[in-house]
Amino acid sequence: MAPNGICPECGTSSRQRHGWRRRRIEDFPAQGQAVWIELRVCRWRCLNSDCRRRTFSDRDAAVATPYARRTSRQAQLLGHMAHAAGGTPAERLLRRLGIRVSDDTILRQLLRAAQVVPPRARIIGIDDWSWRKSQNYGTIIIDLERRAVIDVLEDRDVVTCTDWLRRHPEVEVISRDRCGLYAQAARKGAPQAEQVADRFHIVQNLRMAIEEQMNLHGRATGRALLSDADNISTAKNLLKTRLAHRKSREEIFRTISALRQQGLTCSEIGRRTGFPRRSVAKWLRFETPPDRKRAVLKRSSAWYFEEYLKQCWENGIRSGNALLPLIQERGYEGSLSNLQRLLAGWRRAEKQEQEGPTKEDQILAPVRDPETGHTISPVIAAALCIKPRGKFTLEQARKVEVLKEGSPAFTTMRRLAMRFNGILRGRKADPLPAWIDDAIETDLAPIVRFARTLNRDIDAVRNAIEMEWSNGQAEGQINRLKTLKRAMYGRAGPNLLRARMLPLHHTN
């Protein structure tokens, strides 16, 4: 036993013993058998009259923390096992080693160790991840210099992100995606920091704009049954597209019926047309093409009250805010935005009637693959549009040539895409304003919209071109987070998920 004790409250040394007790602590097992350490702990009187403690016990944090039932090194082992494997898997492994402990105790040890404040970071990446896809989202924050997770937030609210950034004034650079939420939070919470847009998301937005523009050349089904005249531009009138799709169904039905009259089986017709055998058999049971079944209207849909809304429309009540309480009295359960969408269609139709006939919408022939005869889908066309020529295969090079010949818009977009890739790879943002001006002058609506979006976020895009930082590490950490969340069957709360995502030097 020690000759004296040190009060943990005031630091006063004392030689007056108050008593002693035995303390039993579990240590590492030996040969699969549990090992216990018995300590004789003295209790001392505090000689400082101003100290609020009257007695205190000997403490040795190197052996065990106060009130602990296991040594510090065993508790550290439990925390490492919980961080690497989780609760139940760690329990099974530890039992094989001779340490009998429950999964709840293992996770409590991990949570206790994870309450340490992580180190400060100058350059961070911020991105969102889904608790439940398309419903609930959280936020992950990465230290891009150390390549480690700093924090995991429970939501992606602007206020939450802003408060976090205000608590960390040391942040100098924030890498983010094109989401306006994080841009707003960075402006409010860290005005001193430079924002960097993610290069991958910029290129992805360009590809999506090209894909949207190529969709105007008709709906690519992957089958060569549809005529070119049936693929009508969807840029101005959605109703024409639906009528064209219905007409194409009639042509497909006539083709299937003609093949059936030749004595072919449903399987052979399916091989020739590309439709499933069961779909062919179902179509052959009808004399006309079967219409798609419309869903039963519910009270949450504004179309449920179409007749009453038409009466109000004819009586001059045309404001959504004025119509909403009227149909809510009749049981409407939807939102104002659903009602506004219905009224917007009526306003467009009325406007077209008042303006009179305009010039016919251009019927754009879809570009077809010369080898298979199938329509080249907008997805493939967009991917080829942004791909450098040196990485083409022979088949891809032939498709690009056919797309250039059949679509002047594709030629324009590929020229712009190659210039944009050159700006990104050249690490010089000076040519960017000229590129934006040229993209706006193309009169291709999706490309113009993409260029104007770049212009609104020009500072972050410039930094993305000139600086080395990107959100690639955040995307990788999100993949790791999803793996951990699914391994825990989605039942991990924000505290446990944060503890497992933080690196070991944060939780030690």
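Colleague: Which residues touch the most other members in the largest nonpolar core?

Modeller: Ile140, Ile210, Phe420 and Trp435 do. That core has 73 residues. Keep in mind that this is a predicted model.

Colleague: Which helix gives the largest share of this core?

Modeller: Helix H15, residues 408-426. Eight residues of the core come from H15.

Colleague: What other core lies apart from it?

Modeller: One of 17 residues. Ile141, Cys161, Trp164 and Val171 are among them.

Colleague: Switching to helices. How do H10 and H11 pack?

Modeller: At an angle of about 140 degrees. Their axes are 11 Å apart. H10 covers residues 306-314, and H11 covers residues 320-328.

Colleague: Why is H10 called oblique to H11?

Modeller: Because the angle is about 140 degrees, and roughly antiparallel needs over 145.

Colleague: Left-handed or right-handed crossing?

Modeller: Right-handed, as H10 passes H11.

Colleague: Which residues in H10 and H11 meet?

Modeller: From H10, Tyr308, Leu309 and Cys312. From H11, Leu323, Leu326 and Ile327.

Colleague: And by class, how many nonpolar, polar and charged residues has that contact?

Modeller: Six nonpolar, no polar and no charged residues.

Colleague: New topic, Arg147. Where is Arg147 found?

Modeller: In the loop between strand S7 (136-143) and strand S8 (148-153).

Colleague: Is Arg147 buried or exposed?

Modeller: Exposed. The relative accessible area of Arg147 is 59%, so it passes the cut-off, which is over 50%.

Colleague: What is Arg147 in contact with, neighbours within four places in sequence aside?

Modeller: Gln473 and Gln477.

Colleague: How many residues apart in sequence are Arg147 and Gln473?

Modeller: 326. In space they are 7.0 Å apart, C-alpha to C-alpha.

Colleague: Last one, Ser130. Which strand does Ser130 lie in?

Modeller: Strand S6, residues 123-132.

Colleague: Buried or exposed, that Ser130?

Modeller: Buried. Its relative accessible area is 18%, and buried means under 20%.

Colleague: And which residues is Ser130 in contact with, again leaving aside neighbours within four places in sequence?

Modeller: Asn136, Tyr137 and Lys485.

How values were computed: Residues numbered from 1 in each chain as written. Predicted model: local features only at pLDDT ≥ 70, side-chain atom pairs only at ≥ 80, totals over all residues. Heavy atoms only, no water. Core = buried A, V, L, I, M, F, W, Y, C linked by side-chain atoms within 4.5 Å. Buried < 20%, exposed > 50% of the residue type's maximum accessible area, 1.4 Å probe, protein only. Helix = DSSP H or I, 4+ residues; strand = E, 2+ residues; numbered from the N terminus. Axes fitted to C-alpha atoms, helices over the stretch in contact; angles between N-to-C directions. Parallel < 35°, antiparallel > 145°, perpendicular 65-115°, else oblique. Left-handed = near helix turned anticlockwise from the far one by under 90°. Contact = heavy atoms within 4.5 Å. Nonpolar A, V, L, I, M, F, W, Y, C, P; charged D, E, K, R; others polar.
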